[in-house]
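Here's a quick tour for anyone meeting this structure for the first time. Have a look around, and then let's walk through it together.

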Amino acid sequence: MIAENLEKLFSLENKVVLMTGAAGGIGRELAKGMAGIGAIMCACDISEKGLKSLDEEIKAEGGECHTFVMNVTDQASIQAAVDAIGEKFGRIDVLVNVAGINKREGIMDVLEETYDRIMDINLKSVFMVSRAVAPLMMKQHKGSIINIGSHNATAMLGGCSVYGATKSGVVALTRSMAVEWAEWGIRANAVSPGHILTPLTQVTWDHPTRGDYLRDRIAMRRPGTPEEILGIVVLLASDASSYMSGSNYVVDGGCLCGGAPWDFDSAYRYKGEE
Ligand SMILES: NC(=O)c1ccc[n+]([C@@H]2O[C@H](COP(=O)([O-])OP(=O)(O)OC[C@H]3O[C@@H](n4cnc5c(N)ncnc54)[C@H](O)[C@@H]3O)[C@@H](O)[C@H]2O)c1
């Protein structure tokens with residue numbers, strides 16, 4: 001009975017999910033996790049090689065996966081993938097905009113072309129892909145859009161100016177989608193991960209000073225894993241979140257709340273023993 005009730009509440013069975021950036025560190029785990037509970041995963045990424053291995057991983061676990069090479073900065077490429085998915089399934093129930101990049105540089109060091117590239121991939125793409133998918137969702141009178149933001153939408157690190165601006169933009173854009181498209185039955189929410197350990201961020205966690213800097217700013221004193229973003233994404237994709245729209249959900253192990261405490265006096269500091 002419990003399993004049945006849970007399934008009824010959170011099931012993604014037969015939901016057609018279009019995910020950008022699906023072959024990356026976070027996207028890969030989200031794609032596998034969603035396919036693992038019944039989603040028809042339409043995985044989109046610019047990396048053909050990454051898509052191939054994702055496809056194999058999902059199918060090895062018994063899930064359904066279809067791959068589409070998509071460059072989120074190219075309108076024709078976006079439309080081709082959306083049209084192909086529309087033709088194949090007749091619907092897109094969930095859009096997860098995951099694709100994103102960063103290049104850490106001080107404000108004065110950022111070249112205009114770097115600025116444009118980060119803006120295009122992180123922010124303009126969310127605008128373009130969502131606009132390409134929205135007409136199908138409008139026709140269905142139902143859809144859930146999940147945009148991956150970042151805690152950098154709110155709290156900043158040095159050298160992330162353009163990245164942070166794009167993520168603030170993603171959260172703002174999410175609100176506009178929620179406001180304008182509610183009458184079409186479309187919900188839009190942002191999910192903002194904190195510091196997540198992926199193959200690309202491993203080097204930062206291993207760095208002699210930066211790893212400690214980050215741990216000090218997280219109440220749980222550790223990076224999150226891509227799998228730890230899955231729960232909120234499943235909730236927002238499923239009908240369990242039918243009244244949730246226009247918000248930004250932070251998953252950061254206690255980072256924005258203040259991070260690890262300073263060295264205050266208390267008899268109740270855990271010392272590691274039983
Ligand atoms: N890793 C973190 O700590 C962290 C924290 C907060 C937010 N995020 C956000 O999560 C998302 C995923 O991050 P990640 O750590 O998995 O990064 P990642 O680099 O592992 O994955 C990004 C994916 O996007 C794809 N991509 C890049 N440019 C593309 C393009 N033009 N068209 C289509 N696909 C393209 C890449 O091929 C890659 O598969 C990003 O939006 C990132 O900003 C990550």
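Let's start at the ligand: helix H2 (residues 25-36) gives the largest share of the shell around it, three residues. Helices here are DSSP runs of H or I with at least four residues, strands are runs of E with at least two, and both are numbered from the N terminus. Keep in mind that this is a predicted model, where local features need pLDDT of at least 70, side-chain atom pairs count only at pLDDT 80 or more, and totals for chains, interfaces and linings use all residues. Residues are numbered from 1 along each chain as its sequence is written.

In total, 28 residues surround the ligand, and Gly21, Gly24, Gly25, Ile26 and Gly100 are the closest. (To count as near, a residue needs its C-beta atom, placed from the backbone, within 6 Å of the molecule.) The shell splits into 13 nonpolar, 14 polar and one charged residue. Here Ala, Val, Leu, Ile, Met, Phe, Trp, Tyr, Cys and Pro are nonpolar, Asp, Glu, Lys and Arg are charged, and the others, Gly among them, are polar.

Now for the sheet. It is open, with seven parallel-paired strands in the order S3-S2-S1-S4-S5-S6-S7. At the edges sit S3 (64-69) and S7 (248-251), each pairing on one side only. From one strand to the next, the twist averages 20 degrees. Two strands pair if DSSP finds at least two bridges between them.

| Pair | Bridges | Residues facing each other |
|---|---|---|
| S1 and S2 | four bridges, parallel | valine 16 and isoleucine 40 |

How many of the residues of S2 are buried? Six of its six are, where buried means 20 or more other C-beta atoms, placed from the backbone, within 10 Å of the residue's own. Ile40, Cys42 and Cys44 point one way, while Met41, Ala43 and Asp45 point the other.

The chain gets from S1 to S2 through H2 in a right-handed β-α-β crossover. Helix H3 (residues 48-60) then carries the chain from S2 to S3, again right-handed. Right-handed means that, with the strands pointing away from the viewer, the path from the first strand over the helix to the second runs clockwise.

Definitions and conventions. Axes are lines fitted to C-alpha atoms, for helices over the stretch in contact, and angles run from 0 to 180 degrees between N-to-C directions. A residue is buried if 20 or more other C-beta atoms lie within 10 Å of its own, exposed if 12 or fewer, and partly exposed in between; C-beta atoms are placed from the backbone.
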